[in-house]
Amino acid sequence: MTASRTRPVLVYDGDCGFCTTSVHFAERRIRPRCRITAWQFADLEELGVTQQRAEHEVLWITPTGTVHGGARAVAKVLLNAGGPWAVAGAVLTLPPVRWFAHAAYRLIADNRHRMPGGTAACALPANARPNAGR
């Protein structure tokens, strides 16, 4: 991790249409105070995460290097945005809501190729995607 990083980083799957659509929504409406990058263009080693993890779930990486994935990363995005979004983020961290949020996140992530904005590439393993080998 680079010591000069002062903002969190949100890492998502840039080859997935659903993920990209979701991130663009977050940029426009939620406006988290972070750097947002597709894992395909991120220095994953510097961020302290593996490609396998980045393919599996959205990641929120704090400036100190703590990594939150999946529904917990979504909660961190909302908390970071402040205002009413922070309330929603706080609720997502509370049991039993966080358990249901985790289950819902996995269901959506595992079926993202079927979601609005999703494409067949979303369901393919990374090495079989059209943009593989970048």
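## Overview

Contact here means that heavy atoms lie within 4.5 Å. Among contacts in the protein chain between residues at least 6 apart in sequence, 58% link residues at least 24 apart. The model described is a predicted one.

The protein chain holds seven helices and four strands. Read from the N terminus, these elements follow the order β-α-β-α-α-β-β-α-α-α-α. The chain has 134 residues, and 41% of them count as buried.

The four strands form an open sheet in the order β2-β1-β3-β4, and the pairing is mixed. β2 (35–38) and β4 (67–69) are the edge strands; each has a single partner strand, so one side of each lacks a neighbour in the sheet. On average, neighbouring strands of this sheet are turned by 20° against each other, direction ignored.

Strands of a sheet pair through backbone hydrogen bonds, in either the parallel or the antiparallel sense. In this model, β1 and β2 are parallel and share four bridges; Tyr12, for example, has Ala38 in β2 as its bridge partner. Strand β3 (residues 59–61) and β4 run antiparallel and are joined by three bridges. Leu59 has Gly69 in β4 as its bridge partner.

In soluble globular proteins, nonpolar side chains tend to be buried together.

The largest nonpolar core has 21 residues, of which Leu10, Tyr12, Ile30, Val58 and Trp60 touch the most other members. Two or more residues of this core come from each of β1, α1, α4 and α6 (97–110). Apart from this core lies another, of ten residues, among them Val9, Val11, Trp39 and Ala42. Beyond its neighbours within four places in sequence, Tyr12 is in contact with Cys19, Thr20, Val23, Ile36, Thr37, Ala38, Trp39, Gln40 and Val58.

## Helix α1 and the residue after it

Helix α1 (residues 17–30) has 14 residues, which at 1.5 Å a residue should span 20 Å; the C-alpha atoms at its ends are 19 Å apart, in agreement with that value. Its buried residues are Gly17, Phe18, Cys19, Thr20, Val23, Ala26 and Ile30.

Just after α1 comes Arg31, which belongs to the loop between α1 and β2. Is Arg31 buried or exposed? Its relative accessible area is 60%, above the 50% limit, so Arg31 is exposed. Most residues other than glycine have a negative phi, and most peptide bonds are trans. Arg31 has a positive phi of about 55° although it is not a glycine.

Helix α4 (residues 71–81) lies across β1 (9–12), β3 and β4, and runs at about 110° to β4. Asn80 is part of helix α4. With a relative accessible area of 14%, under the 20% limit, Asn80 is buried. Not counting residues up to four places away in sequence, Asn80 touches Pro8, Pro32, Arg33, Cys34 and Trp60.

Helix α5 (residues 83–92) contains Ala88, which counts as partly exposed at 33% relative accessibility. Ala88 and Ala75 are 13 residues apart along the chain, and their C-alpha atoms are separated by 7.6 Å. The loop between α5 and α6 includes Pro96. Pro95 and Pro96 are joined by a cis peptide bond, with omega about 0°.

Definitions and conventions: Residues are numbered from 1 along each chain as its sequence is written. This is a predicted model: local features need pLDDT of at least 70, side-chain atom pairs count only at pLDDT 80 or more; totals for chains, interfaces and linings use all residues. Side-chain values use heavy atoms; hydrogens and water are left out. Two strands pair if DSSP finds at least two bridges between them. Axes are lines fitted to C-alpha atoms, for helices over the stretch in contact, and angles run from 0 to 180 degrees between N-to-C directions. The expected span of a helix is 1.5 Å times one less than its number of residues. Buried means under 20% relative accessible area, exposed over 50%, partly exposed in between (1.4 Å probe, protein chains only). A nonpolar core is a set of buried Ala, Val, Leu, Ile, Met, Phe, Trp, Tyr and Cys residues joined through side-chain atoms within 4.5 Å.
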